[in-house]
Amino acid sequence: MANATNQDLGAGKSKYISDGVSNVSLNYIESAKGALLTDVEGNEFIDFACGIGVMNIGHGNPKVVDAIKAQAEKLVHTCFMVNPYASAVALAERLCRLTPGDFAKKAFFCNSGAEAVENAVKIARYYTKRPAVVVFDNAYHGRTQLTMTMTSKIKPYKFGFGPFCPEVYRMPFGDEVGADKLKDFFIKNVNAEAVAAVIAEPVQGEGGFIVPPDDYFQELIKICHDNGILFVSDEIQSGMGRTGKMFAIEHWGVEPDLITTAKSLAAGMPLAAVVGKAEIMDVVHPGGLGGTYSGNPVACAAALAVLDVYEEENMLEKSVALGNKLWARFEAWQKKYAIVKSIRGKGSMIGLELVNTQTGDPAADETLKLVKHCHANGVVALSCGTYGNIIRTLVPFVITNEQLEKGLAVMEAGIAKIDA
Ligand SMILES: Cc1ncc(COP(=O)(O)O)c(C=O)c1O
C-alpha cells in the first residue's frame, strides 16, 4: 500500500486484523526519532507513551540502530538451545550484575513480559515444590492464560477468556495491607506452606501507577522468607530506569529472589528476561526452560547497546530530571484543576488521578476525552488504572524541553476543558 493514507490503512486494518485488537490512535506511524513520531501523512506526534514503556531511551538511538544492523548482517537466528552465541552470555552477565542482590545470579531469556512472568512462576514452583502464587489487586502481568489469570482487571483483559488457571490468589496492595493482613490472608485464603511465590509490581503500571508505602516491601519480603515463599519483582513496566533507579524495587532496598524485565530492555526488540538467585534459577532440569526465539541474537545485541546507552548517556539522571519537571507541573495542575485529585508515582513514572468534581467518583469518561484531545492535538497520551481514570506519563527520557513544554501545554488545555 504505497502512499496509503491513515484512512486507507484503517480500512485495511478493519478488513484483515482481528477486531479484538483495538488502537488508541488511528494514525499509522511511519518513523520515529527521540520523542517524536511521524505518521504516513507526515503528521507529527510528541510521544508521552513510549509504546507503553518500551522506548525509555527514545526512538532510533543511533548506537542501538547500529547494533541491530550489524547483528542482522552477521547472524539473525540459530535458536540458543541448538547453537548458542556470545551476545546472550554477555547480556546475561550484565543483567546479573545490574539487578539488585549481593548473591550469585543467573538469567533466562524469552520474548515478552508475559512469558517472563510465566517462567518466573514455573521456576518458583519447581524450586519450592509448591503450587500457589499470590498476586495483588490492580496487578497486570500479561495476556497469556496464566498471566491473564494473575492480572486483576476484567475488561478488557479477562472478559470471556475463562476458565482461568488454578492456584492464583489475590490480595489487596499497598496502603490497604500491612504485614498483619498478609498473615491473615494465609489463614483465610491459602496456607503459606502452599505458596511458591508472591509476585508484585513495585510500582503498579496498568493498575494505576500505585506506589506502596516506604516500608512495604521490607515487611512483605520478610513474611515471604519466614514462610519459605519466593518474592518476585515484576519490573516489566517499572524497570529500566523508569522510576529513576534501574529497577524500582531498589527504592525499598530489598533484594527479590527473582526479577522479570522486558519492555525497555531492548528498546523495541522483543526480549524479556527472568534474573534471579543462581540456586533458584538452576533448579530446573536441563531442557526445562527455553523457546525457539528466546534470547534472539539481534534482540540481545540491541539490549547490550541499550545498556551502554544507559551508562554513557546518563539515562537514570535524565529520568529523575524529567520526573522532577513533570511532578512540579502536575502539582501546579492539582492546585488549579479540581478534577486532578492526586499525583502518584516515582521518577518519571507518574500518574494523574482524575475524579468527578461533583461525586468524587473516578472520571473515566473525562480521562478518555483527555486522551483523545491529546491525540487530536499531536500528543500520544495513555490512560491506565482499574477504573480507567489515571493519565500516565511514560515519556522518553531524551525528550527535548521544547517538546515536553509543547506536550504539557496540550495536556493542560485538555484538562482545563474537562475540568470545566
Ligand atoms: C508489569 C507488567 N508485567 C507484564 C507485562 C506483560 O508484558 P508483555 O506485554 O510484553 O507480555 C506488562 C505489560 O504491560 C507489565 O506492565
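Biologist: In which helix is the place of L404?

Modeller: L404 lies in helix α13, which spans residues 401-419. Helices (H or I, at least four residues) and strands (E, at least two) are DSSP runs, numbered from the N terminus. This is a predicted model, in which local features need pLDDT of at least 70, side-chain atom pairs count only at pLDDT 80 or more, and totals for chains, interfaces and linings use all residues. Residues are numbered from 1 along each chain as its sequence is written.

Biologist: Why is L404 called partly exposed?

Modeller: A residue is buried if 20 or more other C-beta atoms, placed from the backbone, lie within 10 Å of its own, exposed if 12 or fewer do, and partly exposed in between. L404 has 19 other C-beta atoms within 10 Å, and therefore counts as partly exposed.

Biologist: Which residues does L404 touch, not counting residues up to four places away in sequence?

Modeller: With that exclusion, L404 touches K325 and I399. Two residues are in contact if their C-beta atoms, placed from the backbone, lie within 7 Å. From C-alpha to C-alpha, L404 and K325 are 9.4 Å apart in space, and 79 residues separate them in sequence.

Biologist: What makes K129 exposed, and what makes N138 buried?

Modeller: K129 has 8 C-beta neighbours inside 10 Å, so it counts as exposed. N138 has 24 other C-beta atoms within 10 Å, so it is buried. K129 belongs to the loop between α5 and β5 (132-136), and N138 to the loop between β5 and α6. Neither a glycine nor negative in phi, K129 has a phi of about 55°. Phi of N138, also a residue other than glycine, is positive and near 70°.

Biologist: Where are the cis peptide bonds that join K155 to P156 and G162 to P163?

Modeller: P156 is in the loop between α6 (145-150) and β6 (168-171), and P163 is in the loop between α6 and β6. For the bond of K155 and P156, omega is about 10°; for that of G162 and P163, omega is about 5°.

Biologist: How do you know that the radius of gyration of the protein chain agrees with a compact globule?

Modeller: The radius is taken over C-alpha atoms, and the globule rule is 2.2 Å times the number of residues to the power 0.38. For 420 residues a compact globule would have a value near 22 Å; the protein chain has 21 Å, and therefore the two agree. Along the principal axes, the C-alpha atoms fill a box of roughly 55 × 55 × 45 Å. The chain contains 13 helices and 15 strands, and 47% of its 420 residues are buried.

Biologist: How is the protein chain divided into domains?

Modeller: Domain 1 is formed by 6-57 + 314-419, and domain 2 by 64-312. Such bounds come from an automatic or database domain assignment. Over C-alpha atoms, the centres of domain 1 and domain 2 are 26 Å apart. Contacts link 25 residues of domain 1 with 29 residues of domain 2. On the side of domain 1 that touches domain 2, the elements giving two or more residues include α11 (315-336) and β11 (340-346). The largest share of that side, five residues, is from α11.

Biologist: How many residues of each class has the side of domain 1 that touches domain 2?

Modeller: That side has eleven nonpolar, eleven polar and three charged residues. Ala, Val, Leu, Ile, Met, Phe, Trp, Tyr, Cys and Pro count as nonpolar, Asp, Glu, Lys and Arg as charged, and the others, Gly among them, as polar.

Biologist: Which residues of the largest nonpolar core have the most contacts inside it?

Modeller: A nonpolar core is a set of buried Ala, Val, Leu, Ile, Met, Phe, Trp, Tyr and Cys residues joined through C-beta atoms within 7 Å. The largest one has 123 residues, and A197, L230, A302, A303 and V306 have the most contacts inside it. Helix α10 (residues 297-312) provides the largest share of this core, twelve residues. Domain 1 and domain 2 each supply at least three residues to this core. Leaving aside residues up to four places away in sequence, L230 touches residues including A124, A197 and I280.
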